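Hello,

I am passing on the structure we discussed.

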Amino acid sequence: MMPNSKTNITKPAIIKAAKGPSPLAQKVVSGKYLQGCRQMLSLACGIALDEAFMADHCDINILGVDQDDEILADAKKKETDRLTFMKHDVTQPFPLTGSFDCIYSRNLLHYFNTSQQQHILSQVYSLLKPKGLFIFQLKAKADYFYVDPDIKRIKQSDGMIYFPSMGYSRNHLDEGEVEELLTAGKFVIEELFVTTEYLYKDSHKSTLINCFAGR
Ligand SMILES: C[S@@+](CC[C@H](N)C(=O)[O-])C[C@H]1O[C@@H](n2cnc3c(N)ncnc32)[C@H](O)[C@@H]1O
């Protein structure tokens with residue numbers, strides 16, 4: 001049986017294997033992208049390695065949200081006055097009012113089908129201040145998981161790809177599809193680039209699309 005989106009997540013043990021801030025967070029800090037930003041929302045913060053790094057190096061308050069209790073408990077060990085956490089499922093309406101200068105989302109969007117991605121983007125748009133920045137990373141269609149001839153894949157009716165060997169589905173995008181999604185969501189792309197990185201305990205490098213988009 002193919003999973004629904006609720007069961008379609010990476011296991012906490014894998015996420016907890018991450019060590020240190022990602023290259024994306026390092027670029028955000030070294031490139032001073034958060035200058036003038038005071039409030040950041042991080043969607044699916046995981047154990048908050050990137051968020052702790054950004055809160056340490058930039059003058060910013062960060063609210064990290066994630067739907068997984070076990071992961072959030074780990075993230076909360078890093079809690080400070082400027083780095084706080086809340087349980088939230090990003091497919092549901094955001095429970096707080098207010099707006100953010102920046103919304104960060106690393107390795108979340110490829111969990112969802114196109115209509116769910118569009119819904120999340122519309123929430124991001126309404127939660128961002130005018131001229132706010134949406135920074136995200138997601139897995140690309142050029143990723144080995146999508147191209148390795150030895151990995152079995154089944155296309156689902158909602159367009160997602162089911163991987164029987166892993167027991168989950170993904171919706172990797174190519175650069176054109178990311179552009180289409182953002183343009184339809186009224187975002188303006190400022191930077192879009194592809195990187196390859198080892199994620200968590202993976203034995204292969206993942207191919208990732210990174211994007212900085214303005215509201
Ligand atoms: C691959 S991890 C990425 C974590 C972190 N952003 C990072 O880059 O290491 C994906 C995270 O998304 C969270 N997640 C998955 N579906 C979610 C949802 N619907 N709402 C909130 N968080 C979700 C998982 O609990 C997990 O922490």
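In these notes, a residue is near a molecule if one of its heavy atoms lies within 4 Å of that molecule. By that rule, 18 residues surround the ligand, and the closest are Ala-44, Asp-66, Asp-89, Val-90 and Arg-106.

The model is predicted: local features need pLDDT of at least 70 and side-chain atom pairs count only at pLDDT 80 or more, while totals for chains, interfaces and linings use all residues. Residues are numbered from 1 along each chain as its sequence is written, and side-chain values use heavy atoms, with hydrogens and water left out.

The shell around the ligand is made up of ten nonpolar, four polar and four charged residues. The classes are Ala, Val, Leu, Ile, Met, Phe, Trp, Tyr, Cys and Pro as nonpolar, Asp, Glu, Lys and Arg as charged, and the others, Gly among them, as polar.

A polar backbone atom of Ala-44 is 2.7 Å from a nitrogen atom of the ligand. Arg-106 has a polar side-chain atom 2.8 Å from an oxygen atom of the ligand. On its own the ligand has 590 Å² of accessible area (Shrake-Rupley method, 1.4 Å probe), and the protein covers 95% of that area.

The lining of the largest cavity includes Leu-43, His-88, Val-90 and Phe-94. By class, this lining has six nonpolar, three polar and no charged residues.

Regards

Technical notes:
A polar contact is a pair of N or O atoms within 3.5 Å; within protein, one must be able to donate a hydrogen and the other to accept it, and residues adjacent in sequence count only if both atoms are side-chain atoms. On a 1 Å grid over the protein atoms alone, a cavity is a set of points where a 1.4 Å probe fits but cannot get out, and a pocket is an open set with protein on both sides within 12 Å along at least five of seven lines; lining residues have an atom within 4 Å of a point.
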